[in-house]
Each structure stands twice: as C-alpha cells, then as structure tokens.
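Here are a few exercises to work through with the structure open beside you. Try each one yourself before reading the solution.

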Amino acid sequence: MTTSQNVLVTGATGTVGRQVVAELLARGHAVRALTRDPAKADFPDGVKAVRGDLTDPDSLAPALEGVTGLHLITFGGACFAPLETGPRILELARAAGVRRVTVLHGGGPSPLEDAVRADDGVDWTVLMPVEFMSNALEWAPGIVDADEVREPFAGRLSAMVHEGDIGAVAAVALTEEGHAGREYVITGPEPLTVGDKVAALAAARGREISLVELTREQAITRWRAAGHSEDVIGFLLEVYGNTPEVGRTVVDTVEKVTGRPARTFAEWAAEHAAAFGATGAA
C-alpha cells in the first residue's frame with residue numbers, strides 16, 4: 001500500500017489535470033488544485049483549491065508548503081504562452097521539499113520542460129500522450145444535429161489514449177518510486193481509423209452515424225472558415241495526412257506503470273454516449 005502523499009496539480013481544470021486530480025483522490029492522496037481564482041473552482045470533494053499562477057511563480061510558494069509531488073503543464077496565462085518560469089518554479093518546489101515532478105509534454109520543445117529535464121534536485125517524469133480520446137467531442141455537434149462526421153484522411157491511424165489513463169500514469173509517477181528520469185509515451189491499446197471511431201460512437205449511442213470523407217481542399221476551406229492560420233492548417237495537413245509513427249504505434253506504458261490495461265475507445269464512447277445523442281442502452 002502506497003503511503004499517502006500531498007500533491008499539487010497545476011492545470012487542474014484542464015482535460016488531463018482533472019484526471020490527475022481524480023486518480024490521486026481515488027488512490028487516497030491529498031490533492032491541492034492550483035487555480036487563479038479558487039472562489040470559482042469546481043473540484044470534487046476532498047480537493048483543496050489553492051491560489052496561484054504559473055506565470056508568477058512566487059505566487060505558488062504558499063501552495064507548495066508540505067507538498068511532496070508536483071504536476072506541471074508547459075503553458076500558462078490567458079494566452080497559453082509557453083512558460084519561461086520553470087527554473088524559479090523548481091527552485092521553490094525544491095525549497096518546499098517536493099520530491100517528484102511530472103510535466104505534461106506540450107507537443108514540442110518548451111522552456112519549462114527543458115528546465116524540468118535539467119533539474120537533478122527532483123525526481124522528474126515527462127508524460128508524452130498521443131491524441132486524446134476526448135478530441136472526439138469535436139464531432140458531437142455534427143453527430144447530434146445531422147448524424148454524421150465530416151473529416152479528411154479517414155484512413156489515418158491513431159493510437160489515441162483515454163485521458164483517464166494519462167491521469168493514472170501521472171498519479172503513479174507522482175507518488176511511487178521507480179519513475180525518475182523517465183519519458184513515458186502514453187497510448188491507447190489499439191490503432192484506430194476515423195471509421196473505427198465513428199463505428200464505436202454509433203454503437204455507444206445506439207444509432208448509426210454517417211462518415212463523410214472530405215477532400216484535402218474541402219478540409220482547408222473548413223479550417224480557414226474556422227479562423228485557423230495558414231501555419232495551423234499546414235500542421236493539421238501534416239499530422240492528419242502523414243501521422244507520425246509515434247501517434248499510431250501502441251505501447252504498453254499504461255499497463256506497465258499502473259498494472260492494468262489501457263482503456264479502449266469503445267469504453268470512452270460508452271462513458272460519453274450522452275454527448276453524442278444516446279437514445280438508450282447501447
């Protein structure tokens with residue numbers, strides 16, 4: 001049985017942060033959730049909302065008192081700019097007695113992650129998840145309104161990961177020995193095409209969903225209409241049209257770290273069926 005730890009979670013209102021909080025609670029640990037406005041925080045019972053801002057590292061000092069583990073994100077502030085405050089955050093963390101740090105990889109190099117990797121005063125672990133299963137929620141309006149998904153590159157593969165499994169890996173790394181200096185790529189248990197995902201969502205909600213494959217030109221038009229810059233559109237074309245090997249290759253990190261298999265997209269779809277217009281039992 002793991003001894004109870006006291007962990008501070010930054011980015012606690014985000015997709016992954018909420019899962020880190022939930023997993024730590026489920027494992028019996030004390031959890032502090034960092035937020036700029038604790039009065040507006042909405043966390044589960046047992047979570048202590050604490051004030052702080054990663055762009056102003058000295059504001060974290062009170063929140064770090066008595067903390068043994070710290071979960072970090074690499075972006076902060078209203079504009080989600082890359083954080084340059086990593087060295088000071090880590091200095092404060094070491095002074096407070098923090099022993100373990102996890103950092104959620106942001107998709108590319110970042111000053112904060114570089115600072116974490118360079119720090120030999122804490123046991124750090126970098127979490128590198130592939131596509132989140134929760135990205136499928138982007139399809140919910142089209143499914144609810146028209147029973148269809150409209151996407152380009154329908155045959156592309158993704159080893160997408162349940163966000164709860166990211167939280168579980170983080171919780172273990174923050175509270176148990178054996179994860180220092182590790183870089184964990186985190187995936188789901190199977191590579192899926194867009195069609196595979198649509199079929200799982202249809203089964204979960206109990207009603208068929210049509211898949212309309214957009215051409216490259218149609219996709220570009222849609223992304224421009226949505227206000228995406230040409231740089232972002234170029235990135236989307238590359239990722240969707242030529243998915244990197246790491247994004248479509250299954251690894252067993254979740255099972256190795258947590259002791260249980262990674263959750264499937266079918267499980268995720270069943271959990272979120274209501275968002276896609278479920279009509280009853282799947």
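**Exercise 1.** Which residues does Glu-23 touch, not counting residues up to four places away in sequence?

*Solution.* Keep in mind that you're looking at a predicted model. Start by finding Glu-23, which sits in helix α1, residues 15-26. Now look for its partners: Glu-23 touches Gly-164, Gly-167, Ala-168 and Ala-171, leaving aside residues up to four places away in sequence. Next, check the side chain, where a polar contact of 3.0 Å links Glu-23 to the side chain of Arg-27.

**Exercise 2.** Work out how α1 and α6 are placed relative to each other, and what their contact is made of.

*Solution.* First, the geometry: the axes of α1 and α6 come within 7 Å and cross at roughly 55°. Third, the residues: α1 brings Thr-15, Val-16, Gln-19, Val-20, Glu-23 and Leu-24, while α6 brings Glu-163, Gly-164, Ile-166, Gly-167, Ala-168, Ala-170, Ala-171, Leu-174 and Thr-175. Sort the residues in the contact of α1 with α6 by class and you get eight nonpolar, five polar and two charged.

**Exercise 3.** At what angle do α3 and α4 pack, and how far apart are their axes?

*Solution.* Find helix α3 at residues 86-96 and helix α4 at residues 111-118; they pack at an angle of about 40°, and their axes are 8 Å apart. That makes α3 oblique to α4. Then look at the residues: Gly-86, Pro-87, Ile-89 and Leu-90 in α3 meet Leu-112, Ala-115 and Val-116 in α4. By class, the contact of α3 with α4 has six nonpolar residues, one polar and no charged.

**Exercise 4.** Is Ser-158 buried or exposed?

*Solution.* Locate Ser-158 in the loop between β9 (148-152) and α6 (163-175). Its relative accessible area is 4%, so Ser-158 is buried. Now see what surrounds this residue: Ser-158 touches Glu-131, Glu-190, Pro-191, Leu-192, Lys-197, Gly-247 and Arg-248, again leaving out residues up to four places away in sequence. With Glu-131, the side chain of Ser-158 makes a polar contact to the side chain at 2.7 Å.

**Exercise 5.** Trace what Arg-263 reaches from its loop.

*Solution.* Begin with the location: Arg-263 lies in the loop between α11 (253-258) and α12 (265-271). Leaving out residues up to four places away in sequence, Arg-263 touches Met-133, His-162, Gly-164, Asp-165 and Pro-189. Pick out His-162: it is 101 residues from Arg-263 along the chain, yet their C-alpha atoms are separated by 6.2 Å. Then pick out Gly-164, whose backbone oxygen the side chain of Arg-263 reaches at 3.2 Å.

**Exercise 6.** Which phi values do Asp-147 and Phe-153 have?

*Solution.* Asp-147 isn't a glycine, but it has a positive phi of about 55°. You'll find Asp-147 in the loop between α5 (140-146) and β9, and at 27% relative accessibility it counts as partly exposed. Phe-153 isn't a glycine either, and its phi is positive at about 50°. This residue, Phe-153, is in the loop between β9 and α6, and with a relative accessible area of 23% Phe-153 is partly exposed.

Definitions and conventions: Residues are numbered from 1 along each chain as its sequence is written. This is a predicted model: local features need pLDDT of at least 70, side-chain atom pairs count only at pLDDT 80 or more; totals for chains, interfaces and linings use all residues. Side-chain values use heavy atoms; hydrogens and water are left out. Helices (H or I, at least four residues) and strands (E, at least two) are DSSP runs, numbered from the N terminus. Contact means heavy atoms within 4.5 Å. A polar contact is a pair of N or O atoms within 3.5 Å; within protein, one must be able to donate a hydrogen and the other to accept it, and residues adjacent in sequence count only if both atoms are side-chain atoms. Buried means under 20% relative accessible area, exposed over 50%, partly exposed in between (1.4 Å probe, protein chains only). Axes are lines fitted to C-alpha atoms, for helices over the stretch in contact, and angles run from 0 to 180 degrees between N-to-C directions. Angles under 35 degrees count as roughly parallel, over 145 as roughly antiparallel, 65 to 115 as roughly perpendicular and the rest as oblique. Ala, Val, Leu, Ile, Met, Phe, Trp, Tyr, Cys and Pro count as nonpolar, Asp, Glu, Lys and Arg as charged, and the others, Gly among them, as polar.
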